[in-house]
Amino acid sequence: MELKGRDIISIKDFTREEVDHILKTAGKVDHILGENLRPLSGKFMGLLFFEPSTRTRLSFEAAMKRMGGGVIGFSEPAVSSVKKGETLADTVRTVENYADILVIRHPLEGSAKLAADFASIPVINAGSGAEEHPTQAFLDLYTIFKEKGSVDGLNIGILGDLRYGRTVHSLTYALSLYDVNLYLVSPPELRIRKEVLQAVRNRLRVKEFSRIEDVMPELDVLYVTRIQRERFPDPGEYERIKGAYRIDKAALEKAKEDLIVMHPLPRVDEIQPEVDETKHALYFKQVRYGLITRMALLGLVLGAF
Ligand code: NCD
């Protein structure tokens, strides 16, 4: 299977076979992580980050460097010519001369697609507004696959800001390639967007809930998300909703023994620190799986695997 030269803009552009191939490649990378392999030696990645990031940017950077490649770019648009009014299209047409692959994060929906339309090198979407975050979905699937042995057959709950959370949208699309029961749990104001639900409804068994207590005993995986404060058109609404759900030890009392709790991070207060020490907490291991998955993706798109 050939993924060389592919853009990664939306998870919807990938078939089940392609996703399986990516997860299998991540599994191979996982085994050779400690070895000093440099399959991307001489290749450069251009990072264009117009929004804050810790894990996504650093894991892409670490992935590229661990495989022998170089990294250029900015993590703060204020230090680039964007500050002087340069357009995204011109920025892309400039940086592509210095790099072999571009990784972009931008507050606007459609931004990664626009970058890919202008670039002649592969573009990876590292978050396009509230729309999508496809590489997060790949690493989420890899985490589930590694911890549960398979994605098929599971009861998966996604809790939190389903309206503005881009990781939620990408993960929901990705799960529609599998045979799972999906439980979407959110305050009524933060229900998943109609267009996402419509896209998956025929392929996935989905149910919506507003209280996590009602579904906790059923779940094999609980994916918790942060309320996306920065995407609320009305700050007053954020103030009203914040703190609407919270996972603590008590909330997990009725959970299955082997429930795994995931989170794309950063968390604010939606998972209490006391949960970290329980056997359910998987979010920091998930971070490591993120590095592995991004190594696999870079290797595949740049033709090293
Ligand atoms: C997420 C994002 O940026 O969408 N973070 C990440 O990449 N792991 C989630 C979030 O910001 O809440």
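How do the residues of the shell around the ligand divide into nonpolar, polar and charged? In this predicted model, the shell holds three nonpolar, five polar and three charged residues. The residues that surround the ligand are T56, R105, H133, Q136, R166, T167, R226, Q228, P264, L265 and P266, and the space that the ligand takes is the largest pocket.

Within this shell, several side chains can be followed atom by atom. An oxygen atom of the ligand lies 2.7 Å from an N or O atom in the side chain of R166, while a polar side-chain atom of R105 is found 3.1 Å from an oxygen atom of the ligand. On the side of nitrogen, a nitrogen atom of the ligand is 3.2 Å from an N or O atom in the side chain of Q136. Taken on its own, the ligand has 320 Å² of accessible area, of which the protein covers 93%.

The domain assignment places residues 11-132 together with 290-301 in domain 1, and residues 134-287 in domain 2. The centres of domain 1 and domain 2, taken over C-alpha atoms, are separated by 24 Å, and the contact between them takes 33 residues from domain 1 and 27 residues from domain 2.

How values were computed: Residues are numbered from 1 along each chain as its sequence is written. This is a predicted model: local features need pLDDT of at least 70, side-chain atom pairs count only at pLDDT 80 or more; totals for chains, interfaces and linings use all residues. Side-chain values use heavy atoms; hydrogens and water are left out. A residue is near a molecule or strand if one of its heavy atoms lies within 4 Å of it. A polar contact is a pair of N or O atoms within 3.5 Å; within protein, one must be able to donate a hydrogen and the other to accept it, and residues adjacent in sequence count only if both atoms are side-chain atoms. Accessible areas come from the Shrake-Rupley method with a 1.4 Å probe; for residues, only the protein chains shown count as cover. On a 1 Å grid over the protein atoms alone, a cavity is a set of points where a 1.4 Å probe fits but cannot get out, and a pocket is an open set with protein on both sides within 12 Å along at least five of seven lines; lining residues have an atom within 4 Å of a point. A molecule sits in a cavity or pocket if more than half of its atoms lie within 2 Å of its grid points. Ala, Val, Leu, Ile, Met, Phe, Trp, Tyr, Cys and Pro count as nonpolar, Asp, Glu, Lys and Arg as charged, and the others, Gly among them, as polar. Domain bounds come from an automatic or database domain assignment. Contact means heavy atoms within 4.5 Å.
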